[in-house]
Amino acid sequence: MKALRAIFAATTALCAATAANATDLEVTHWWTSGGEAAAVAEFAKAFNATGNNWVDGAIAGGGGTARPVMVSRIIGGDPMGATQFNHGRQTEELIEAGLMRDLTDIAEAEGWKDIINPPSLLDSCTVDGRIYCVPVNIHSWQWLWLSNAAFEKAGIPVPNNWDEFVAAAPKLEEAGVVPLALGQQPWQNSGLFNVLIATLAGPETLIQVYGEKDVEVAAGPKIERVFKAAEDARRMRKGSNVQDWNQATNLVITGQAGGQIMGDWAQGEFQVAGQVAGEDYTCLPGLGVNEVISTGGDAFYFPVVDDPEVQKAQDQLASLMVSPAVQVAFNLKKGSLPVRGDVDLATANDCMKKGLKILASGNTLPDVNQLNTEDTNTQLNDLFVEFFNDESITAEDAQARFVDIVAQGD
Amino acid sequence: MANDKPFQPFRNLNAKIASIPMILTALVIFVGCTLWTIFYSFTKSKLLPKLDFVGFDQYERLWGTRRWLVSIENLLIYGSLSLIFSLLIGFLLAALLDQKIRFEDTFRTILLYPFALSFIVTGLVWQWILNPDFGVQHAVRSLGWESFNFDPLYNANIVIYGVLIAGLWQGTGLVMCLMLAGLRGIDEDIWKAARVDGIPMWKTYLFIVIPMMRPVFITTIVIITSGIVRVYDLIVAQTGGGPGIASEVPAKYVYDYMFQSQNLGQGFAASSIMLLTVAIIVIPWAYLEFGGKRRG
Amino acid sequence: MADSQVLTDTAAVTGPFGRRPKPIFSRRNIMLYGTLIVIAVYYLLPLYVMVVTSLKGMPEIRLGNIFAPPVEITFEPWVKAWSEACTGLNCDGLSRGFWNSVRITVPSVIISIAIASVNGYALANWRFRGSEVFFTILIFGSFIPYQVMIYPIVIVLREIGVYGSLTGLVIVHTIFGMPILTLLFRNYFVSVPEELFKAARVDGAGFWGIYFQIMLPMSLPIFVVAIILQITGIWNDFLFGVVYTKPDTYPMTVQLNNIVNSVQGVKEYNVNMAATIITGLVPLTVYFLSGKLFVRGIAAGAVKG
């Protein structure tokens, strides 16, 4: 982090010297892990280079801690200059209440419609034909990260797909390795399950269940199979006594755990730890079963402000975030994919290239955040954090509760 | 202050002016916001409060949610144990310190200092001490007792007791102080008389001293109970509600549903139930205790 | 309550109230001090763990057990916690929050106590129709989870135009400190001999006159209690600090949360513990310095109901 600090100190010093009329723009986000902070520094660097001043408002503890603060600030009439949200349905009401700036003019001037790929990203920023946010990256959930060292220790080859991984679990345990790292945070638990749906039952099933809230499918045999797989995962996660997702990733990095199902943001952690894809760790998109990736991600929203100076700074930040150079620099650090197909990611590592290939082939599915409200997601979190921690809950009971939640969703 | 209530309006006026902040707080914040909350619990407000009435739907959903039921159960267990043990330990500690001992100041400071630390800090430290890979379990095992098992924070059946250990550590110091203050208020002659009559010490405490300390107990119970109902930070810092949902509490349910899941209606319904429960217990009692004509 | 001073001072010489003569190594003493020492060890254990951990390097933490004293003492975690730990892009540790916390705590403590003491005084000595009803509501309010009030208060603060400012935060702390403080002050003033009050009234002193000339000078102990409670509560507050302020004015606890929750690879327990101790230093110092006054004040404010 020292290097990061040096860069940041240097850039602030630089712009303090060059721009006398710098506008301070407070940007709130919840990117505080090593890889995330390195990525956000790229935004700050580029923004400060325009003669403005990025005031960093990081709030640690994830979206659950940060979002109430952001929403309070916005409805309290003292908004920040820009703020991160997961695009999707989290901000619907703030937009309807007229609290967020309409970015359609910038978007049209710069032709976002033509450059942003896949187009669904921009769609989830669009309400009634107007664009309200800037998508900055594509994050996909459907990755299995495996520690090569752990499998070496157990004396077995690194698996190529989920089934082989499940079969390898007993050997890993014998070698004193926890097969599957899974943290305690509720979203990790429901996330894992959603990945199992998307890969084992297929994207169309996920869309039927969450998008169309199809109760028949939710109660049907396809989901039943997913619950059986979740029971395997529950057995395999025993012994991973960690809270945060990156602590779980760290178990994989250090070879204490065999693997982890986690979004591609885990990539950033491997990178910060100096690990090389293919040598130290293996990534299996779509769990090696069904190579699909979801196209969720992060987006920045710009609350309505009166000060024209701040508005100008907001405009600058918005167009800067999608500019090719910044997209490359940011996404390389973050381990996510750029939102435009026309940039060159020659320096991307193996795993990112796999992701780019899948993206280009169009094997994508929407992110769960775009299909479900946060309310439904929280109920799913509650169900799965309990399921993965309590062996007394049978797959049948859990599925019955799952069906209820789907039926209630809107 | 028996029977000297001022009647002249201009004198009352000063007192009333001085009480404006309190009146405003009581009416606008505690009554106003409470009514506002109850009112909106009958709507299906999501991220922002909206007047979209759905009757008792939010309440029906609330009582059909497993996590809420677990939360209530936890609060009952944690609450009753915490209240009993705080009072018991607090009183015993105070009685010990009241034995005219040396270094009383030192002991008292040691018992009281945890209260200066926030629940966030308390939760973190105890999370660590109770962590099976680093803390007590690890330490005992490395002494040679390999099969020793003590991982309350990772065992859904006993996690709430793990939280209780931390909560008591933080809070008993204050209770001890209150009790000690109460004991110091007991006239020395009472002790002498009891001794002359040959009443054993424990009996003197139980039947003479404790009944005399009723006001202290009441203040203490108000302080402990209000802390219990609001318990949130400790859970968040120590267990995050886990493992699974085994250590969830109502205040966390309210917070999570209001903010994380952006379902204000559901959060308001849950908080209304909490308020209702508190009101049923507190209002009649508080009125008897503070509002009666005992002194006025 | 005045006895507490006397009792502690005379304990050594077994003063005139002594229950029975006691040799230093009597069975009773061994039991008594033994129990107290065991309890004291239990209470000190977490503090010990915090301090010891904060002085260890990460490799040592990973290998050793948390109760072992550090083999190699390092102050690096302290330096890091104070001035280097990162949250997002801000890598200046807790230092940025310290003065913010001071700026928030000082006015909040003064104003909340000033208001609560006058309230308590009015409730004890100048009751008016309905005053007890308001008081009951206040006590009820002390049971309301803070989280419930966040949105409504955001709206109230926005309407009076102080949202996001220090004033807003001071108001919030005043509101939420009011129930317990008012209870303490009311109980204290009720216990002041009514002859004093009556005599002053006969002399023609009014509401404020009696408050400033008679009540205030004799209520030092309860003010000490209130100050201690408020400094602790406000200094340790995280929720209001994060919701009702902005990054420039975040108190230290927000930074603490950020440091503790910003996991960069492995959890740096030593830095977390150092940060925790540094954050707790102010309230801890207050307690260590004024413990005796605290008990005396509590005796005065809480005992008489």
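Two residues are in contact if their C-beta atoms, placed from the backbone, lie within 7 Å. The structure is a predicted model, in which local features need pLDDT of at least 70, side-chain atom pairs count only at pLDDT 80 or more, and totals for chains, interfaces and linings use all residues. Residues are numbered from 1 along each chain as its sequence is written, while chains are lettered from A and ligands numbered from 1 in the order in which they are written.

**View 1. The contact between chain A and chain B.** Chain A contributes 22 residues to this contact and chain B contributes 20 residues. Helix 3 (63-75), helix 4 (92-96) and helix 20 (374-387) of chain A each give two or more residues to the side of chain A that touches chain B; helices (H or I, at least four residues) and strands (E, at least two) are DSSP runs, numbered from the N terminus. Helix 20 of chain A gives the most, with seven residues. By class, this side of chain A holds six nonpolar, nine polar and seven charged residues. Here Ala, Val, Leu, Ile, Met, Phe, Trp, Tyr, Cys and Pro count as nonpolar, Asp, Glu, Lys and Arg as charged, and the others, Gly among them, as polar.

**View 2. The contact between chain B and chain C.** This contact takes 91 residues from chain B and 88 residues from chain C. On the side of chain B, the largest share, 13 residues, comes from helix 2 (residues 20-40) of chain B. The residues of that side comprise 59 nonpolar, 19 polar and 13 charged.

**View 3. The two domains of chain A.** Domain 1 covers 2-139 + 296-341 and domain 2 covers 143-294 + 364-408 of chain A, with bounds that come from an automatic or database domain assignment. Their C-alpha centres lie 29 Å apart.

**View 4. The surroundings of A:Trp141.** A:Trp141 is found in the loop between strand 6 (133-135) and strand 7 (143-147) of chain A. A:Trp141 counts as buried because it has 21 C-beta neighbours inside 10 Å; a residue is buried if 20 or more other C-beta atoms lie within 10 Å of its own, exposed if 12 or fewer, and partly exposed in between, with C-beta atoms placed from the backbone. Not counting residues up to four places away in sequence, A:Trp141 touches A:Gly191, A:Asn194, A:Val195, A:Gly263 and A:Ser294.

**View 5. Helix 9 of chain A.** A kink of about 40° lies at A:Ala168, shortly before the proline A:Pro170; the bend at a residue is the angle between axes fitted to the seven residues ending there and the seven starting there. The buried residues of this helix are A:Trp162, A:Phe165, A:Ala168, A:Ala169 and A:Leu172. Their cover includes strand 7, helix 8 (148-154), strand 8 (178-180), helix 13 (221-236) and strand 9 (257-261) of chain A. Just after helix 9 of chain A, A:Gly176 takes a positive phi of about 80°.
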